[in-house]
Amino acid sequence: MAADLLLTNAEIHTLTDPDDVHEALAVRDGRVVRLGSAYEVAFLEGVETRTVDLDGRVLLPGFIDAHTHLTEVGTRLVHADLSGAGSAVEAVSRLADRADETDTGWVQGYGYDESEWAESRYLDRDDLDGVPTDRPVVAFREDMHTAGVNGAALDRLGDRLPDEDVLRENGRPTGVVVEDALGPIREAIAPDVGATRDRLRAAIDHANARGVTGIHDMVRHSHAPRVYRDLDREDDLSLRVRINYWSDHLDALREVGLGTDDGDGFVRTGAIKTFTDGSFGGRTAKLSEPYADGADEERGKWVVSPPELHDLVERADEDGFQLTAHAIGDAAIDAVLDAYAATEADAARHRIEHLELPSESAIERLAETGVVASVQPNFLKWAGDEGLYESRLGTDRRERSNPFRTLLDAGVHLAFGSDSMPLDPLFGIHHAVNAPIESQRLTVTEALRAYTHGAAYAGFDEDRLGTVEPGKQADFVVLDGSPWKESEKIANIDVAMTVVNGAVVHDAR
């Protein structure tokens, strides 16, 4: 039978083996049916076959982002993008521009990173009162665990903000809020179904343009699951979605009989997601030793306490759900491993998200139990000797952070994602390959496999996704350059084409 699509004159790396490289492949009915030379594959060309000459470009399995928040990605595309702002003044200026563009509702900004500013401090009420509007203003830090709001927002939210997560000076709210205090803000600005669809559609195009063919979306209170399924029914979904539902959805999932891995080829149920701690940026990640730049004995906080976590894990595991827990600090990581210890973790493929500061004993336990390390290589942008990790943790803990090399050598399952900071696999792969510390550094092939096969494994998809092989889904990314030949500038390589299920969903050639 003739193929639907032939991709030829390429450098195809299957990522099954470093030496397994081919010149061409054929796709039929959304699956790879042949790999080989251009001559061999050409025998499958028919009258209606689409043949694409890739002009020597590099073809890889499509990237799977194992941890993202796609609605937030779309929101950044719609509202003020504060990423890359060089100062508080520039961030406020972008918010002011956004206020000028809109007439109603909150003025929203996303993605500022004060650790890159000369004056490293959070955006606060005094800053945001400088935005010329009488409407509420909110500016989310890049990690989404800290935000600044103006006086109008504080007045509107009132006592809905929990006191313990509202920062104060001399009894006056500074406008800086963390963790649980973000809940009422998220509720106030939550988009409706139509707006969610618009944002997800924009974010999907954004992801496809970066070679992403699949995502594990960490969905909280959102219309995203409905929109994903609507887009799938309408044949308008150009990436595969694994929905990791928040823990407060557990009872509803149990009632309707929806379990991990239920679904079709494009939309499937993933894990039950929970927090344990916060973030290093907000000094809320839970540590066993105090922060280097915090108040005396400041060690972060529990967002979900160990007893609550144990209860959740027990309830979810009883019904066969995969669990995934946000844990950044070493104390939080140990708490998650303790909770998983009572389960069949290897069979369930429970996960830990972020895992930024695991102890040596935690790494051993991860390898022994089969718990997946779902990590974000782009966080290494903060791992330099003058970066965020150095200021928050000090030199010793900075050098022990994000130990991808150590994890992989220990036999831990490694899955890469972005946490949308930014959603760009090549950016993350670049940092993993060029990490400042040997214990963090991977080879090009290892980093690519973590963003393909490793992420597929974390979602029970390794038999259909993550490598280029006959019988597997035809999900590919085509690069203008070789990450092996341009290993010191991987982040600068352009994505020429993205293919999902045998359909070209992005073409920049």
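Which residues lie nearest the centre of the largest cavity? Select Ile-215, His-216, Arg-240, Asp-461 and Leu-465, which hold that position among the 16 residues of the lining. The model is a predicted one.

Strand 15 (212–219), strand 16 (240–246) and helix 18 (453–458) are the elements that give two or more residues to its lining. Strand 15 gives the most, with four. The space inside comes to about 100 Å³, and the lining is made up of seven nonpolar, three polar and six charged residues.

The structure holds two cavities of 30 Å³ or more.

Next, go to the second largest pocket, with a volume of about 320 Å³. Select Arg-76, Asp-81, Ser-83, Ser-420 and Pro-422, the residues nearest its centre out of 18 in the lining. Helix 2 (residues 70–78) gives the most to this lining, with three residues. Eight of the lining residues are charged, five polar and five nonpolar.

Last, turn to the largest nonpolar core, which has 92 residues. Select Leu-70, Tyr-228, Leu-237, Phe-280, Ile-352 and Phe-416, those with the most contacts inside the core. Helix 11 (residues 330–340) gives the most to this core, with six residues. Then centre on Leu-237: leaving aside neighbours within four places in sequence, Leu-237 is in contact with Ile-204, Tyr-228, Leu-231, Asp-232, Phe-266 and Val-267.

Technical notes
Residues are numbered from 1 along each chain as its sequence is written. This is a predicted model: local features need pLDDT of at least 70, side-chain atom pairs count only at pLDDT 80 or more; totals for chains, interfaces and linings use all residues. Side-chain values use heavy atoms; hydrogens and water are left out. On a 1 Å grid over the protein atoms alone, a cavity is a set of points where a 1.4 Å probe fits but cannot get out, and a pocket is an open set with protein on both sides within 12 Å along at least five of seven lines; lining residues have an atom within 4 Å of a point. Grid points are joined across faces, edges and corners, and a volume is the space filled by probe spheres set on the points. Ala, Val, Leu, Ile, Met, Phe, Trp, Tyr, Cys and Pro count as nonpolar, Asp, Glu, Lys and Arg as charged, and the others, Gly among them, as polar. A nonpolar core is a set of buried Ala, Val, Leu, Ile, Met, Phe, Trp, Tyr and Cys residues joined through side-chain atoms within 4.5 Å. Buried means under 20% relative accessible area, exposed over 50%, partly exposed in between (1.4 Å probe, protein chains only). Contact means heavy atoms within 4.5 Å.
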